[in-house]
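Visitor: I would like to learn how to read the aromatic contacts and the strand pairing in a model such as this one. Could we go through them together, feature by feature?

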Amino acid sequence: MVVANHLIHTIAIYIGQNGGNFSNPIQYPTGNGSTPYMTAVADFNKDKALDIAVVNFGTNSIGVFLGFGNGSFEKYKELSMNASRPIAISVSDLNNDTQIDIVTVNYGTNSISILYNDGNGDFMSSITYLTGYDSSPSSVVSGDFNNDHYLDLAVANYGTDNIIIYFGSMHYTFENHIIISTSSGSQPHSITVGYFDSDTYLDIAVAGYGRNEIVVILNNGKGTFDKLANYSTGSASPYSIGAADFNQDNQLDLIVANNGTNNIALLLGSGNGTFGKPNMYPTGALSSISLVICDINKDHRLDIIVVSNDTGTLDILLGSFEGFQNQVNYSTGSQPSSVAVGDFNNDTRLDLVVAKSGSNDVSVLLGLGDGSFTDQIKFSVGSRPRSVAVGDFNGDTLLDIVVVNYDSNDMSVLFGYGNGSFTDQIKFSVGSLPRSVAVGDFNNDTRLDLVVVNSDSYGVSVFLGYDNGSFANPMSFSTGIDPTSVAVGDFNSDTRLDIVVTNYLDNDVSVFLGYGNGSFASQTKFSSHTYPISVAVGDFNNDTRLDIVVANFGSQDASVLLGYGDGSFANKIMFLTNKYPTYVAVGDLNNDNQLDIVVANYGSQDASVLLGYGDGSFGDQISYSTGFEPYCVAVGDFNSDTRLDIVVVNRASDDVSIVLQYNRGFLKNEKSYTSSDGSDLSYTVQRDMNGDGLLDLLLANYGSNNVGILFGLENGTFLNQKIFETGLGSHPSSIAIGNFNGDNELDFAVSCDGTMDAKILLGTGKGEFSLEKSGQTLFTSAAVTMAAGDLNGDGLSEIGVVFDENDNIDILFTFKNVSFANKMTSSTAKLPYSVAVGDFNNDARLDIVLAIYDGNSVVVLLGYGNGSFAGESIFSTDKYPISVTVGDLNDDNLLDIVVANSGSADVSVLLGYGNGSFSPQITFSSGSQPWSAAVGDFNNDTRLDLVVANSGSNDVSVLLGYGNGSFADQTKFSVGSRPRSVAVGDFNGDTLLDIVVANSGSDDVSVLVGYDKFLLIRSAQLTCFVSICKRYVRTALPVNPAASTEMSSSVMKEEKTAIDSTGEVFTFRHGPPPDIKPVEDLGPYEIRLQNIGCTNRRFDRIVVQRMKHSPNADEIIENLGSYDSIPNDKNEVLVALNLKRLRYWIGTEGVVINPWVQKLLGRCGFFPVDPADYVNAYRARKIAENCLRYPEKKEEEEKQEDAQ
């Protein structure tokens, strides 16, 4: 692809690579001050190599770059546009001479210009056509709108709210034109054409930027057009538009890039000129200004490349498999057990036949072609039918039905009439307790034969077919114990059909190689897993050899046995399913030309879809709900959209579930490439990198291909970042710090998305770093995150890397020459997004924990100390975990796990048991889209707290810890736009932790300096206090509290937060919360006890009074509660408190708490317990123990107590 970079006056060439990736950009200058706006690609000199034309707004010119066919280009010439400033370009053969011509849209002169090609890559002088006063044309496209075989031009005029159609003539001029209004204020910005209805005339669609709508104009032919149809895009302002078939229904759809809303819109076409409501897909950028439609990764789905000028990136959205809709159920009758698919009435629409064990019949449901079916038609068969199959058994080209009947030990054949009805059954005896039937031509006579599994007689029966639908006497072949399912295929590549059977109690499959005459060799067995119950065949690794897949009821998985093509198979590979799989089917469910697997799960009421990678492996299962106790599954296109759907038989709910595949042209935002030198900050980490005892910040600048270090100063500020280049197009995304060469100086490693590698920069300890070329390690895909630590005890830091496009973590081992070797890959669950290290089982060996985005879980890999790891242990989190960190959160000296869950706006805490396992998650609310989490003690209470960066709400949440694994409610602090990474450290040397946040949306970092003072309530050796915290938001310097009122409110926002001993946080700003009536006269007050009882029965109120010796000292300002010191009949001492008012008065300046009230509030849990209470309780307990042991000393102990 080629991109115009208007800020740096270049065009960038990205060479496509395998898998939809692109090379580093190759820059070609377009000239000083050229300001290139748009490019077009064509073969201008007919050398069969693509060339480039670029419009230069700044120099009023068109630059032509001729290609050599190898991805390189040379600037050929620059074509002057005189006074016109070109802003858009289109290329086509406008004069039917087989040469590609150029047409431009010109800013300032309100015109379009045509440059005819002379055939050698040279162009004639431009011919200009005016578009009207103040028209401000913005886009042009060519097409034959009147079917006269001459190309016409359509121009969108942003300024006059219309489009102009210039009709081409036999003289290749464009004099005649018509003007079509797009409605007042529409401001059409981009235009596209296509056949949107069923006629043969080109139609037009326009992006109406001004009114947030798409305008569709249908062509009536002969140069006339229908009235407009408008489609709202909501709050999105459409900027660029294109037309293509995204959902593969052979109807054109519209795709629109929107400005200001982080998304693009897809409108699906119906084929009659109308379009559906827009489906929005995120792009990750606010200002999407241009798009290109193509199949980047050759998966037969259209993809989108979107240019975003706010981030300077190219966002790639790949057309992807969206999955299946909710089930629709159709009643069948009693205990359906098997289903088969076929066209029984010759209407080209798939129908269903269902065998029902409970009613001894089969039901036929005729398909209507839209995913729905008619009511069932029943046909009688034998006793307890268990399996059904279809085929033309009598040679009349009409589908027939065969059913095996478990209780009557026979099979029923029903011949089809071709209209959806069938003859009465004809029965054939089989073996004992038949379970399954399959169809194939086993003797190569072009007539269909049958094979039946007999579970009680441990064998299969082969019935060779005759022309008239009857069958020869069966031939029997022994299997293993309790055979359950059969499938057929050519496993040894001899063009003769073979048989495979599952043996339920032998935990294996039997393969019978066919001789081509209806007989078979003795079985050869291959291990499957526990209780194999169903089998299917297909080529899962694209080697043209048939493979086997088995559903294992007992081990709850599917086994894949890859075939060698000689009748033998490789060892099984297992893939997890849900509970008790009973049936397996295969098909290309996501239209990527790779076979996938679908499994009916009897125990979990669902079907599992496992998408194939084409190499014999499969992705993690995706589950879809079915009816109750699904027993059998099949696939077929039931709504004629060229996508396979699923049908499931549900035994307990007596119905079938139809699960239709989505057909909406699903787009998935895969990755971004930068087209200019914007920084696009993506990651931050803090450490002292120059040995001066002060923390520094390391920043991964994705857009500008470098790492920046901001060296810290003593006052908490930072020097301007020092840049270390990581290479053109490297796009650094993550940083890990360690000692990679054994010199005891800190180094850092950088994962680079663009070059898919890790780069090592070695430190000298003085803030200088050099790129170590021998340390570069290539990845197979872009890394999501990385972490460093000494995993094998050799004194050197190893690196753990998590990837997006595969489900592994790679461990890179280091040697003292800083080369990486012995890369070890550990499999994880789907989409690992973050990694952290720690010793989770107290064996002095480092372990690994990963956040698994799609699995809603974390995976723990326990280390052996030699760089290898045990198998994964999975622990559930909330939705879409994206960041993980570790720390001892409950003061038990065991590491715990903290996870930020981006999909559920919370963090999960998993408390460690010290043996590598963890408790179930406890969740705590955060802000919107939490993206990163860190731990630290922010209030100096020796308990770890949490800080979370919230990308969706542009703030961080601080959750203060209680020291028992639980946390107070969050307190939020504003930061920059789209914070993506957070770290903590003492940046100003005041022994208090500060916070630093990387803001990807605003390309900056926010430093929040911690400040803490303590309001003493009572002096004691162990002081009890309420912590009053001053917080400063987005300010780099600590502020003198006394001078804070002189600060501008736009610079600093001051708040106070009181924290009681229960951890509950309440906030005030020098006064009461807005829902509490303030007291006008704030004098010196005391919270104290007031006795309102009698001499022999004390009863106290907790009140606010003026201090003694002040005017009106006896006046009760407010009653806050009561205290009954006399225990009740349950030995309870009762205290009643108005907590809201109590918090208000504690937070009011000049208020003192009486020591007796402080003690009382400590005993209630509102404050920390007074130390004197602990001491008195200890003494009382010791006295009680001594009295029990030494009754004679009781009187002496009581005297000692009185003396104290």
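**Rings, charges and strands**

Guide: By the ring-pair rule, the count comes to 37 aromatic pairs; rings of Phe, Tyr and Trp (its six-membered ring) pair if their centres lie within 6.5 Å, with planes under 30 degrees apart counted as stacked, over 60 as edge-to-face and the rest as tilted. This is a predicted model, in which local features need pLDDT of at least 70 and side-chain atom pairs count only at pLDDT 80 or more, while totals for chains, interfaces and linings use all residues. Residues are numbered from 1 along each chain as its sequence is written, and side-chain values use heavy atoms, with hydrogens and water left out.

Visitor: How are the rings of Phe379 and Phe422 arranged?

Guide: A pair of aromatic rings is described by the distance of the centres and the angle of the planes. For Phe379 and Phe422 the centres are 5.5 Å apart and the planes stand at 80°, so the pair is edge-to-face. Phe379 belongs to strand 31 (residues 377–380), whereas Phe422 is in the loop between strand 34 (410–414) and strand 35 (426–429), so the contact ties together parts 43 residues apart in sequence; strands here are DSSP runs (E, at least two residues), numbered from the N terminus.

Visitor: Is Phe379 buried or exposed?

Guide: Buried means under 20% relative accessible area, exposed over 50%, and partly exposed in between (1.4 Å probe, protein chains only). Phe379, at 12% relative accessibility, counts as buried, and Phe422, at 6%, counts as buried too. Tyr853 and Tyr880 give a stacked pair, at 4.9 Å centre to centre with 20° between the planes, and Tyr880 counts as partly exposed at 37% relative accessibility.

Visitor: Which residues do ring pairs link into a cluster?

Guide: The cluster consists of Phe442, Phe477, Phe512 and Phe520.

Visitor: Where does the charged end of Arg980 sit?

Guide: A charge sits over a ring if NZ of Lys or CZ of Arg is within 6 Å of the ring centre and within 35 degrees of the ring normal. The charged end of Arg980 is over the ring of Trp931, 4.0 Å from its centre, and Arg651 lies over the face of Tyr631, at 4.7 Å from the ring centre.

Visitor: In what order do the strands of the open sheet come?

Guide: Two strands pair if DSSP finds at least two bridges between them. The 4 strands of this open sheet follow the order 48-49-50-51, with antiparallel pairing. Strand 48 (581–587) and strand 51 (622–625) are at the edges with a single partner strand each, so one side of each is left without a neighbour in the sheet. Strand 49 (residues 596–601) and strand 50 (residues 606–610) pair over 5 bridges, and Asn601 stands opposite Asp606 in strand 50.
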